[in-house]
Amino acid sequence: MLEIKNLNVSIGDRKILNDFNLTVQDGEVAAIMGPNGTGKSTLSYVIAGRKDYTVETGEVFLDGVNLLELEPDVRAAKGLFLAFQYPLEIPGVATLTFLKAALNAQRKQRGEEELSTPDFMKRVKQASDKLGIKSDMLKRALNVGFSGGEKKRMDILQMALLEPSFGILDETDSGLDIDALRVVAEGVNSLRSPKRGFLVITHYQRLLDYIVPDTVHVMAQGQIVRTGGKELALELEKSGYRDYVTEQAVA
Amino acid sequence: MSAQIIPTRTPAETALAEAFAAAKPALPGGAEVAKLREESFAAFHDAGLPHRRVEAWHYTDLRALMREALPIAPLPAAAAIEALRAEFAGPGALAQRLVLVDGAFAPELSDSMPAGVVVRSLASVLAEGRPDLIALLAGQGLGAKDPIAALNAALMQDGVVIEVAPGAQIAEPINLVYATAASAPSACFTRSLIVVGAGASVRLAETSHGKGARRGQTFGCLVVSVGDGAKFDHTAMVTETVAGSVRLETFIAHVGAEAKFDSFALITGGGLVRRQIFMRFDGADSVASLRGVSLLRGREHADTTLFVEHGAPNCSGRETFKYILDEESTGVFQGKIHVAPHAQKTDGKMLSRALLLSDTAAMNNKPELEIFADDVACGHGATCGGLNVDQLFYLQARGLPFAEAESLLLDAFAGELVDEIENEALVAGFRAEIAKWLSARSKG
């Protein structure tokens with residue numbers, strides 16, 4: 001379960017999250033929608049532990065652990081996964097090497113044994129077959145020269161291997177054509193389980209046709225301003241965000 | 001009355017003049033060689049140790065950095081050779097090796113060479129006085145104006161002269177190994193030559209044996225002549241580990257027509273290192289790649305200076321050098337590409353990239369292009385910066401602790417140039433050396 005309580009975050013003088021509150025239960029898929037510049041990506045980065053932001057007050061609990069006191073790698077080992085809006089290219093690091101290093105770093109952090117190479121390869125093969133990732137792609141440098149769709153599939157592959165208890169998908173639909181979107185969404189849907197929660201951040205309703213949320217939250221000016229069921233996304237698609245944006249935020 | 005400026009001699013310069021006067025009666029070579037030595041020493045003596053007002057040495061002020069000149073190393077004692085013989089008999093010793101001990105060729109520690117390769121000591125070649133080899137050894141104009149290359153020519157004691165017969169295909173690398181025997185701090189002046197015959201193919205790998213247990217001053221020079229249609233591959237592992245050491249290496253390369261030339265060097269610290277490379281494309285349609293990685297910490301200083309002359313049309317040159325600079329270390333990259341008027345269709349690309357891991361590390365870049373032909377594609381680039389914070393965060397968000405994420409990125413940065421070496425064992429050796437440097441860093 002993810003609980004965000006009274007979170008206030010700023011960069012420099014600019015306030016981005018404003019007394020932000022949100023709870024996502026185990027097994028729940030919550031969507032956050034909202035116009036550009038309302039702090040959606042900031043929210044995901046703050047939860048994952050990026051250092052560019054000042055957390056003024058508030059708490060973020062994952063299964064009862066306060067994440068804000070932890071380094072990003074410890075947060076990951078505690079079960080948090082952030083699928084990036086733009087997964088980074090890492091030249092010179094073979095994808096397989098990276099996957100193994102990440103998996104074993106998390107296991108070590110949790111006091112578990114390192115995976116044997118055959119065991120690791122078996123898991124990678126199973127997960128990558130499902131996502132249509134070919135083995136030669138795994139030998140290439142991580143995300144280098146990958147298409148937008150390939151990068152997103154690679155992020156979902158990482159999520160499948162790392163088996164987090166909570167996944168945040170930050171604008172996962174950006175840069176994807178409809179076929180790639182479908183593959184990525186299927187990948188996410190196959191990871192849905194009663195024990196795993198998701199926070200899906202998007203500004204288009206389209207993604208939510210494929211990853212159907214249990215709840216939809218509308219975010220504006222650093223706060224949740226409205227909460228509803230999946231039908232709220234359809235309503236937003238028709239009316240846009242105009243009702244939720246004040247003149248101040250537009251300026 | 002003519003006003004003559006007599007610069008003050010530093011103690012190091014005075015000691016070098018005394019060393020030359022004392023050593024020259026015993027240095028190998030006939031009258032021709034003696035003349036070369038006198039002229040070379042005069043060139044050095046007139047200029048003195050290069051300093052910051054000498055453009056090519058602006059960032060490596062040797063006059064200030066080299067306070068003393070160490071005595072020239074004596075010939076290694078028999079006992080020292082015996083001790084090394086035991087070490088070279090051990091497991092893991094390099095095969096097909098040529099060993100220099102304190103700069104002197106040690107045939108008793110070296111292996112016999114495959115068919116098509118003839119090796120002699122520099123001393124015997126100088127004594128024999130073959131004019132063609134002596135002309136090659138003198139560099140044929142390359143590096144002629146450099147005072148340190150001249151100092152080496154004046155004092156060259158020994159080294160190896162390797163001749164690879166035309167058409168010979170030498171599959172395994174020839175290992176040129178530098179070992180030390182003298183226990184007191186000392187200097188050595190070596191000069192080696194490899195002549196790669198037309199259509200031949202050979203790889204030369206330079207390494208140091210063991211960890212230099214004493215401070216030293218090494219003035220090395222390697223001259224390469226690559227024949228038409230030949231392939232020459234070269235690596236150098238420059239791992240000086242004793243603080244206060246000075247290592248000044250000159251690499252002179254003449255590349256013939258339709259030849260392939262590939263060189264990689266790893267510098268991992270220890271005092272002051274300068275590698276200066278003088279390369280000239282003498283024939284058309286050749287391809288050359290020069291690469292290097294310097295990993296520095298403490299107050300280490302490493303300088304790589306290139307002069308690449310395109311003296312023939314349609315040649316391609318790739319020069320890529322990377323630096324990782326920690327603590328108070330200093331990196332220097334200078335690269336000059338000169339394209340002669342008739343060297344049309346030259347394709348030259350030079351790149352220097354530095355990662356600075358501390359606020360007190362410094363990098364000096366000076367790329368230069370001098371183009372006198374009108375149909376060429378030449379470019380250069382230089383970057384300095386820290387590790388990419390977005391990449392670091394991405395790796396951390398996947399569970400890698402900060403130090404591990406940093407090491408992974410540094411290893412990838414340096415390793416990229418190593419992976420281009422077309423020899424798996426050498427790639428593994430350089431990769432291991434980089435990993436060792438990184439792990440010492442994360443422990444420190």
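Q: Why does the largest pocket lie between domain 1 (11-283) and domain 2 (389-444) of chain B?
A: In this predicted model, domain 1 (11-283) and domain 2 (389-444) of chain B both contribute residues to the lining of the largest pocket, so the pocket lies between them.

Q: What volume does that largest pocket have?
A: The largest pocket has a volume of about 580 Å³. Its lining is made of 28 residues, and those closest to its centre are B:Gly92, B:Leu94, B:Asn175, B:Thr207 and B:Ser208.

Q: Which elements give two or more residues to the lining of the largest pocket?
A: In chain B, these elements are helix 4 (78-89), strand 5 (174-179), strand 7 (201-208), strand 9 (231-238) and helix 10 (424-443). Helix 10 of chain B gives the largest share of that lining, with 6 residues.

Q: And how do the residues of the lining of the largest pocket divide into nonpolar, polar and charged?
A: There are 12 nonpolar, 11 polar and 5 charged residues in the lining of the largest pocket.

Q: Back to the two domains, how far apart do their C-alpha centres lie in chain B?
A: The C-alpha centres of domain 1 and domain 2 of chain B are 31 Å apart. As for direct contact, 12 residues of domain 1 of chain B touch 12 residues of domain 2 of chain B, and the area buried between these two domains is about 960 Å², with carbon and sulfur atoms giving 71% of that area.

Q: Which residues of domain 1 of chain B lose the most area to domain 2?
A: On the domain 1 side of chain B, B:Arg203, B:Met237 and B:Phe264 lose the most area to domain 2, and together they account for 45% of what that side buries.

Q: How many salt bridges does the rule find across that interface?
A: The rule finds 1 salt bridge across the interface of domain 1 and domain 2 of chain B. Looking at side chains in chain B, B:Lys231 and B:Glu422 meet in a salt bridge, at 3.3 Å from N to O.

Q: Changing topic to the chains, how many residues of chain B are in contact with chain A?
A: On the chain B side 17 residues are in contact with 29 residues of chain A. The area buried between chain B and chain A is about 1900 Å², and carbon and sulfur atoms give 67% of it. Of the area that chain B buries against chain A, B:Phe393, B:Tyr394 and B:Arg398 supply 42%, which is more than any other three residues.

Q: What about salt bridges, what is the count between chain B and chain A?
A: The count is 2 salt bridges between chain B and chain A. Among them is the one in which the side chains of B:Asp390 and A:Arg50 meet, at 2.8 Å from N to O.

Q: How many cavities of 30 Å³ or more does a search of the whole structure find?
A: The search finds 4 cavities of 30 Å³ or more in the whole structure, and the second largest cavity has a volume of about 50 Å³.

Q: What lines the second largest cavity?
A: Its lining residues include B:Ala265, B:Ile267, B:Arg275, B:Phe321 and B:Lys322. Strand 11 (260-267), strand 13 (287-296) and strand 15 (316-325) of chain B each supply at least two residues of this lining, and by class the lining has 5 nonpolar, 3 polar and 2 charged residues.

Methods:
Residues numbered from 1 in each chain as written. Chains lettered and ligands numbered in written order. Predicted model: local features only at pLDDT ≥ 70, side-chain atom pairs only at ≥ 80, totals over all residues. Heavy atoms only, no water. 1 Å grid on protein atoms, 1.4 Å probe; cavity = no way out; pocket = protein on both sides within 12 Å on 5 of 7 lines; lining within 4 Å. Points joined across faces, edges and corners; volume = space filled by probe spheres on them. Helix = DSSP H or I, 4+ residues; strand = E, 2+ residues; numbered from the N terminus. Nonpolar A, V, L, I, M, F, W, Y, C, P; charged D, E, K, R; others polar. Domains from an automatic or database assignment. Contact = heavy atoms within 4.5 Å. Buried area = accessible area lost by both parts, 1.4 Å probe. Salt bridge = Lys/Arg side-chain N within 4 Å of Asp/Glu carboxyl O.
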